[in-house]
Amino acid sequence: MAMQHTPLVMSRLIDRGATVAPDVEVVTAAESGPRRQSLARTRDRAHQLAHALHDYGIRPGDRIGTFMWNGSRHLEAYHAAAGMGAVLHTVNLRLSPDDLVYIIGHARDRLIIADADTLPILGSLRGRLPSVEHIVVAVEEGFEDWTTDVAPAVDYEEFIAGKPKRYEWPDLEENAPLGLCYTSGTTGNPKGVEYEHRSQYLHTMAQCMTDSMGLSATDTVCGVVPMFHAMGWGIPWSALMLGCKQVLPHRFMDPARLTELMATEKVTLSAGVPTIWQGVKAVIEANPDAYDLSSLSRLTCGGSAPPKSLIRWYHDALGVEMIQGWGLTETSPLATLSRRLMKHKHPSMSLDEQLENVGKAGQLMPGLEVGIFDEDFNRLPHDGETVGEILIRGPWICSAYYQDPRPERFHGDWLITGDVGTVDREEYLIIADRSKDLVKSGGEWISSVDLENHIVAVDGIAQACVVAQPHPKWDERPVALIVLADGADVSPEEILEHCTGRFAKWQLPDEVLFVESIPLTSTGKMDKKVVRADLAAKGYVLPDLR
């Protein structure tokens, strides 16, 4: 053996940022203005939290839940749990009460750290959380007079007060559990994905690569994606390791407040779902001189495919590179990233052609393998045309669900993602749709995602959602639900005419319905199962067009 075999555990990474950049800030949005603390103070408080948890009785492998927005105390919980070997269960506070009861009970969370403003949600679950012994309450401005009767509770600051600022991180196995995240549960109960130290260590390293998200210590990072969703896409770990300035929006997620925060703190990189960046775009267009976003260089967009028109707008209006990413809770989550404009690689490629590549789901992160398969699990060619079920494997890909194996979601050592798409000759992944959201009309598939992204390029359309509806002759036909921008006036005929340049007549929606809003999932995606259920509940019937 020529090399040291050092376990790949997160305690070797999480203290580094505070060591090399102790004075760099962690900024948390608050009611009257940002609250600031240094990385060194954040590390010290995380060590104090680890002591407090240990003194309470938390040991390696015990589950602790967080019921929190993106803020410095949530970051401290990440840090403390990873270091001491506890398993951090980041509870998605946007889930339904029944789902919250299920996942907290299924995880057997002993203790929950909660933001004070979320206590009413927890309060609605009183008497239904038998595993929860204690609640630690993090108080932000305006919520000092909190109360809860869900379980015995203590103020966060009181909980860590007087504890030592150094905790001797224990030796852990690299395959020890680190975090627990649950899917949002499109059918049945949510499924738990248990991340390991080794998987997140490797994911962190890959995320920081130049041809990945390209994170560095020089970045000011605003993680808009919730830290309760797939470990905040791994950004908290990477930023702690590198010593980046972190800007955390807490509960202040309205587009104007978020845009102002990013401008004031001179954010260089941010990450969120397309609906976030559509909201920021609308704010800037409404008042183009109000916000200085000249420091912003790139946005990572995931959760669902951003419209190419949105990618182009950020490029043209702000000079900002939008990096599309694809992944799942089961992939830790980053699997592919689609950056960057590469004129040097393809000198003859026009800007439109380069942006076409950026609009794809991306190329695999190093260390992973992706394939497309037919229904009998025969591998299909990567020719950019053949469509198949997308399967993936690698060192940060889920191999089984937590205490719920679900063998139908796996094929050998491959994860069956539930997405359908193609892979082109340069190994760019192109997502056609979620398998459950494809429209099958007369035996042919129609991509709801492609229709949606084309429709939102029409001026005056804020959001488009395409869903399948039953049809007596064709099995299913697409229907488009449209949310107009304020003051806009767009007709169904204009939308269909716009689509005829790209789609065959049989692929066009049979009807265009204008709605006030489209329901979103707990992770900010359009909730198509709710859309379909709403249409059914209202007795919607397709017009007899065929």
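Predicted model: local features only at pLDDT ≥ 70, side-chain atom pairs only at ≥ 80, totals over all residues.
What makes the backbone here worth a look is phi: for Trp-233 the angle is near 60°, a positive value in a residue other than glycine.

Gln-403 also has a positive phi without being a glycine, with an angle near 50°. You will find Gln-403 in the loop between β18 (388-393) and β19 (410-411). This residue is partly exposed, and its relative accessible area is 48%. As background, most residues other than glycine have a negative phi, and most peptide bonds are trans. A cis peptide bond turns up between Ser-332 and Pro-333, where omega is about 0°. Pro-333 sits in the loop that runs between β14 (321-327) and β15 (334-338).

## The chain as a whole

Stepping back, the chain contains 15 helices and 26 strands. Its radius of gyration is 23 Å, close to the 24 Å that the globule rule gives for 546 residues, so the chain is as compact as a globular protein of that length. The C-alpha trace spans about 75 × 55 × 55 Å along its principal axes. Of the 546 residues, 57% are buried.

## Strand β20 and its partners

Is strand β20 (residues 414-423) mostly covered or mostly open? It is mostly covered: ten of its ten residues are buried. Strand β18 runs antiparallel to β20, and four bridges join the two. Within that pairing, Leu-391 stands opposite Ile-416 in β20.

Strand β19 is also antiparallel to β20, joined to it by two bridges. His-411 has Trp-414 of β20 as its bridge partner. β19 and β20 make a hairpin with two residues between them, and Gly-412 in the turn has a positive phi of about 60°.

Ten bridges tie β24 to β25 (residues 475-484), and the two strands run antiparallel. One of the pairs to look for is Val-467, whose bridge partner in β25 is Val-479. Three residues carry the chain from β24 to β25 in a hairpin. In a regular strand the side chains alternate between the two faces of the sheet.

## The second largest pocket

Among the 26 residues that line it, Gln-278, Ala-282, Ile-461, Ala-462 and Gln-463 are the closest to its centre.

Which element gives the most to the lining of the second largest pocket? That is α10, with six residues. Sorted by class, the lining holds 14 nonpolar, seven polar and five charged residues. Rolling a probe the size of a water molecule over the atoms shows where empty space is left.

## Helix α12

Finally, take a look at helix α12 (residues 351-358), where the buried residues are Gln-354, Leu-355, Asn-357 and Val-358. Viewed down the axis of α12, these buried residues fall within an arc of 150°, so they line one face of the helix.

Terms used
Residues numbered from 1 in each chain as written. Heavy atoms only, no water. Pairing = 2+ DSSP bridges. 1 Å grid on protein atoms, 1.4 Å probe; cavity = no way out; pocket = protein on both sides within 12 Å on 5 of 7 lines; lining within 4 Å. Nonpolar A, V, L, I, M, F, W, Y, C, P; charged D, E, K, R; others polar. Buried < 20%, exposed > 50% of the residue type's maximum accessible area, 1.4 Å probe, protein only. Arc of directions from axis to C-beta. Rg over C-alpha atoms; globule rule 2.2 N^0.38 Å.
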